[in-house]
Structure formats: C-alpha cells, structure tokens
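Hi,

Here is the structure I promised to pass on to you.

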Amino acid sequence: MSVQWDSDVDVVVVGSGAAGLSAAVSAAEAGLSVRLLEKAPLLGGTTAVGGGGIWIPGNPRMREMGLDDDRDEAIAYALSTTGGHEPDPALVAVFVDKALEATAFLEATTPAEFFVAEVFSDYYLDHTGSRRLGRTLDNRPYPARDELGEWDARIRRTPHYPALTLDEISRGAPGDGDRRGGAGAAPFGPGTLALAQERREQGIRTLGEALVARLLRGALDVGVAVDTEAPVRRLVLDDDGAVTGVVAEIGGAPHAIRARAGVVLASGGFEWNPDFVRAYLGVSELKPVSAPSNTGDGLVMAQQAGALLGNMTEAWWFPTTGPGTETYDGAPLYQVGTPRGEAGCIVVNRHGRRFANEGCCYADFGRTLRAFDSVAGRQANTPAWAIFDRAVRERIELGDLRPGAPVPAWVHEADTLAELAARAGIDPDGLVAEVGRFNGFVAAGEDRDFGRGTLWFEGFTSGGPSPQTALAPIAQSPFYALEIHNGVLGTNGGPRTDEHGRVLAARGGVVEGLYAAGNVAACVFGPGYPAGGATLGPALTFGYLAGRHLATRGAAAGQGRAAT
C-alpha cells in the first residue's frame, strides 16, 4: 500500500499501559527511536486503573526472603489452571523463563521497584507447584508529582482503590485491625484512610498507578516520544502484507508514521465494545471496571493484518456491582468489591437458588454467571443477586452502601425474604427455601452444596479457608439484595503471538513487523488465572521481549544496536 509518510521512527507502540511502556523502554534502551501513541487523554490504560500486582515466579525478592521456587513447578502450576486451553503451552514456559529477566531489566533501566505482596498466595494452593508466598509482586509507592512534574497530571487515577499497597488494602494500616477475609467489602479504618489521603495530597502513587508512573519516567529518560489523544486508526501494510507503519489521528488530523522496525499493539482489550462483547464473549451486557478507551482498536488492526486469533471467548472475569450512575471517563462506573464472600451472604439466580461457592476466585465465579439453561434457553444465573441480612449490611462498605447510612436505591431492602424476593424479581418460594437450607448448613458447620470455607481462595490472604469463618446464618431482619453483574478487569483474547511477541498470521508464519502484548493479545494462560498479577506479569514480559526482538530487526536494518 502506497502512503505518504508524515514522520518516521524505528518503532511505534500503540497503548500506554504496562505492556506498551515495557516494549517502549526495551526498544529505546537498545538505541531505537520509539514513539508511543495513546488514544485517551490520560496515560496508563487498564494498568493504572487496576491493582498493579505482578506475578513473577522465581523472582529475586523471594530469594531475599529465603523462599524457594522451581522453574518446572511454576510451569506445571500455571498449566494446571488452564484446563488444557492455553493457546500454546510453550509460551507458558517462555513466560516463566523470561519474566525474571524482564523485571530485572525494568528495575535496572527505570525507577521500577518491586516487593513481595506478603498477603498474596497463588490462588490454587492445592495444585501441584503452587507457592504460598512470594510470586506476586507489588510496586513501591512513588512520588510521581516530584519525579514526573507535569507528566504526573497526564497519568490516569484509579476510581477503585485508595493510595495504598496491596498489603495495606488487605490488612489495613497498623492500628486499624485486620481486614482480611472481607472479600473487598470491609470498610477501611481511620488510620488507613488517613494514610491514603496523605499520599494523594503529596502526589504519591501506588498500585498500578505507581507502575505506570515509574515506567513512564524510564521511557522518557531513554527518549521515548509520548503522545496522548492520538488514536491509531489503521496499520499500513506493504504489498507483501508486512506492517510498515500506522495512520494515527494527531491534533485532529491524519498523520502517517513510518515504523522502520515495527509496530507493537498494546492497546488493551475490547470489553467496552458492545458488538465485540456479544460476538465473542456470549453475554448481552458487560459491566467492566477498566479504562473505557478499551474498545478493541488493536483487535481490529490485527484482523486487518491477517492475524491468527486465540482465547476470544475469555476475559479476566471479575463480578461487579453498583448502579453505574457515577461515571469514569464518561462511562458507567461499577464497584470492584462485592459482598459475595462475606459470612452470612449467598448469591442466587432468579429462581432463588445458589449456583456456586460464593467465595471462590473471582475469575471462576464470573464464569458461573455465563452458564446456559438449556430448558429456559437463556443464561441460567443472570441476573444474580447477593442476599444478606442486617448483620452483614452493618459491616460492609460498597460505594454509597455504608454502615449507618440510608440504604441506596440500587439495594433492595425488606423485612421478610419473600418480600425481598418480590422486589428483586426472584422466585419467593425458591429464595425462602434456599436460605433455610443454607442456614441448616451453617448450623451443621458444613456447606454440603458448594463447600463454603473449603476453597483456598476463600482465605488466600489470611492463611487458608475455614467453614467457621466462612459460614454465618442469614437471619436478622431486614434483609437485602443487590445485583451481581457480569464484570471484567479486561478481555484477554486477540492475536496469538510467538516467543518474541510477534503476531502470528492466520495463513501461517508471522505478520512481519507486527507485535502484540498485554490484553490486546491472546493470553498465554488461556482461561487460567494462577494468581494476583497474572495479567501484568505476561504484559511486562512479552512487552519486553517484543522490544528486544525489535532491536534485532532495527540492528539488521542499521538502526540502534543489537539487543544483548
């Protein structure tokens, strides 16, 4: 395709989350000229919105803490979570082998600084090869305002989390008591809130925001040019199908940028594109908690280039709740916390029946919401409702549902379970019977239907599960119901890639000059979710690998220097 170039660089990176910044730093440090284009007005994408955990088996922080790890066991554990549906098991091994190299490079090249999230274990500790501590890393709080100056204001802020570390979110600040086991619904103590407020006032970023800020500082330091409000509209391909550049919209006008070495797609998933959600995920409606700019632009471009797709029916499932009346970037804002794992709370479908262990991993629970009812010809468990009583209501905090405050309009309240069911559109007889059955299990100390208190995830931040802490009766009037939505942290299907992050072609081989990393690409774990940080671990690693391989292409063409 003939095009008149307006500018040229060695590498164009599309997207400014962890994957894009990692790729940009990796390529630029090798001497290539890099231009990073972000569609939204603010940088960071889903990374900045999220918790920022990074799953890195065998990381050096483990060794410093005297913790052991094993390469083969890490691979076996990761594969045990995929159900055999990973796109390519060899890429799981590539991730485990290269993740340490990638994070070591970023710590050496940027201000990135990782430490072990001590309350986080692998999610399935009963699986062979799992580890109870050490593989999930967090980001040191970062004085971004001081270190980045005006660039700090160009990084998005998360609407979901206060300025705390993962450990502080799970445990609370000293003196505030232990929040663990609250499934994200327990309120923060005054000391914890004061610490978070102090950090905000001082311009200190944490979690995913800190990761983005630190990587951005590193990218700027190695000469990466960064544009915001610069959506990429299409790839430019030559007559042989190789990607040679992009056409972006910069300053409101088309701008063709030649990419001499290649283009990296790191533009996030497609969860905010209703047509793609219906086509690929099989749900009529989704309530994401990611950056609303994730509308599948990279997927469209990859398809344009003839990419081989994978993992398209999967996502980082994360049940959400709330009315969606508040907005974030103009899109409805939903809550990342739900009360489903609280002792004294169950989740039922429209028949009033439970359908899962309410405290299971969020990714697993999200899949149960998509189960199909072959008799009714519709999804069996949507809508779903969290049911709880006054005891739970008085100790949880979700948006404007707060202890001592009036019950918000999006939460149903009633003096009896039958009345509550009628208000929520649940079968009253079914709900009354189900609560009675559940309360019987509580009295017996054993949930014979779904094993509450027996799954490791129910206590993964507090030392393990226990029926004694997971079970409590639903008995104190008034009773409450709030809807649990089909939610996601992001989608994780898209173009399949090789060990260098190169996009595979549907007709065989690779799409020359095109790379992908992060949620825009097919996740190496397929439907698996081994631990907290399983999103960002591969994003950083394959972004880094894409940059390294681009450096070899650039060196072959006489740009930059060969990657070492």
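This is a predicted model: local features need pLDDT of at least 70, side-chain atom pairs count only at pLDDT 80 or more; totals for chains, interfaces and linings use all residues.

Four strands form an open sheet in the order β16-β19-β21-β20, and their pairing is antiparallel. At the edges sit β16 (345-348) and β20 (412-414), each of which pairs on one side only. From one strand to the next, the twist averages 25°. Four bridges join β16 to β19 (residues 384-389) in the antiparallel sense, and Cys-345 stands opposite Phe-388 of β19. Helix α14 (residues 417-424) lies across β19, β20 and β21 (479-484). The direction of α14 is at about 150° to β20.

**The cavities**

Searching the whole structure turns up three cavities of 30 Å³ or more. The largest cavity holds about 130 Å³ of space. It is lined by 15 residues, and those closest to its centre are Gly-518, Ala-522, Cys-523, Val-524 and Pro-538. Helix α17 (residues 536-556) contributes the most to this lining, with three residues. By class, the lining of the largest cavity has ten nonpolar and five polar residues, with no charged ones.

The second largest cavity has a volume of about 50 Å³. Its lining includes Trp-272, Tyr-328 and Tyr-334, along with Pro-159, Pro-288, Pro-292 and Pro-332. His-160 and Ser-290 are also among the lining residues. Here the division is nine nonpolar, two polar and no charged residues.

Happy to talk any of this through with you.

Best wishes

Definitions and conventions: Residues are numbered from 1 along each chain as its sequence is written. Side-chain values use heavy atoms; hydrogens and water are left out. Two strands pair if DSSP finds at least two bridges between them. Helices (H or I, at least four residues) and strands (E, at least two) are DSSP runs, numbered from the N terminus. Axes are lines fitted to C-alpha atoms, for helices over the stretch in contact, and angles run from 0 to 180 degrees between N-to-C directions. Contact means heavy atoms within 4.5 Å. On a 1 Å grid over the protein atoms alone, a cavity is a set of points where a 1.4 Å probe fits but cannot get out, and a pocket is an open set with protein on both sides within 12 Å along at least five of seven lines; lining residues have an atom within 4 Å of a point. Grid points are joined across faces, edges and corners, and a volume is the space filled by probe spheres set on the points. Ala, Val, Leu, Ile, Met, Phe, Trp, Tyr, Cys and Pro count as nonpolar, Asp, Glu, Lys and Arg as charged, and the others, Gly among them, as polar.
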